[in-house]
Amino acid sequence: MKRTNMSQCCRFTLIELLVVIAIITILAAMLLPALQQARERGKAASCVSALKQYAQTSMIYSNDYQGMVPVTGREGSTTIYTWAVLEKNGYANAKMQRLCPTLAVDAEKGLNATVAIARNNTYGTWIFFNTPWIATGYTLADDIKPFCAGAAATGSAYVLHRIKHPSNIIFFGDAMNVNADPPGPALHFNGNTNNGARLALIHSERANIAYADGHVASKGWRDLKNNAPQAFKNFALGKEGTNFAAL
């Protein structure tokens, strides 16, 4: 009986191999966008969770200090912002997620490493002092809140009882500095068109935001453009930080 050569009967032709490769390529092209979208949704969910923790930590601080939520403090001659103030006073710690994974930089380093890390690796705080619900110039001597270590430390804070509609007032959120090279996380932002630090639309052209009542929401530029009394016209678009003006 004539034996069949196994190596001959199972051999693929070049055309067959090319067809298989083409099919795999097509399937990969179809699946990769879906996988990328799933990964981005995971990052957005992680971001919302982190912002909720951020807001809750701030609320705990406010309960201890007459309804005050820190905006800025001082570390020597350097201005530090909300997260650093919370950590300096034991309300937050370096192991807590303090920046969206989409923008994460030096994520393993704590705020105590250097002031530069503290200034470049946290969610942004909305800061615009010409409002009735931001108090400035408080010091440790006032016995209202410890902005940071040091008897001469001063700072500013949101005054919760002055806010009429806390569910509409933005405290913290995704923020980037479009004027940085390259654009990166910003510690603060406002609606000033001349300021490079802006809300960042990094989740499918939406930003995750924590409000004064502690809730977190995802907002697009159209919502934020009409957000009275904090109307925003300029944004950072995508993790590349492209300047985007809402017309």
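Predicted model: local features only at pLDDT ≥ 70, side-chain atom pairs only at ≥ 80, totals over all residues.

Residues are numbered from 1 along each chain as its sequence is written, and side-chain values use heavy atoms, with hydrogens and water left out.

**Helix H2**

H2 has 51 residues and reaches 74 Å from its first C-alpha to its last, close to the expected 75 Å, the expected span being 1.5 Å times one less than the number of residues. Next I checked burial, taking buried as under 20% relative accessible area, exposed as over 50% and partly exposed as in between (1.4 Å probe, protein chains only). The buried residues of H2 include Ala 44, Cys 47, Leu 51, Tyr 54, Ser 58 and Met 59. H2 is followed by Gln 66, whose phi is positive, near 55°.

**The core**

For the core I used buried Ala, Val, Leu, Ile, Met, Phe, Trp, Tyr and Cys residues joined through side-chain atoms within 4.5 Å. The largest nonpolar core has 56 residues, and Tyr 158 and Phe 171 have the most contacts inside it. H2 gives the most to this core, with seven residues. I then listed the contacts (heavy atoms within 4.5 Å) of Phe 171, leaving aside its neighbours within four places in sequence, and found among them Met 59, Trp 126, Trp 133 and Tyr 158.

**The sheet**

I traced an open sheet of five strands in the order S8-S7-S10-S13-S14, with mixed pairing, where two strands pair if DSSP finds at least two bridges between them. The edge strands are S8 (184-185) and S14 (242-245), each of which pairs on one side only. Three bridges join S7 (residues 175-177) to S10 (residues 197-201), and these two run antiparallel; Ala 175 stands opposite Leu 199.

**Backbone angles**

Most residues other than glycine have a negative phi, and most peptide bonds are trans. The bond from Asp 181 to Pro 182 is cis, with omega near 0°, and Pro 182 lies in the loop between S7 and S8. Ser 204, in the loop between S10 and S11, has a positive phi of about 50° and is exposed, with a relative accessible area of 71%. In the loop between S10 and S11 I also found Glu 205, with a positive phi of about 65° and partly exposed at 48%.

How values were computed: Helix = DSSP H or I, 4+ residues; strand = E, 2+ residues; numbered from the N terminus.
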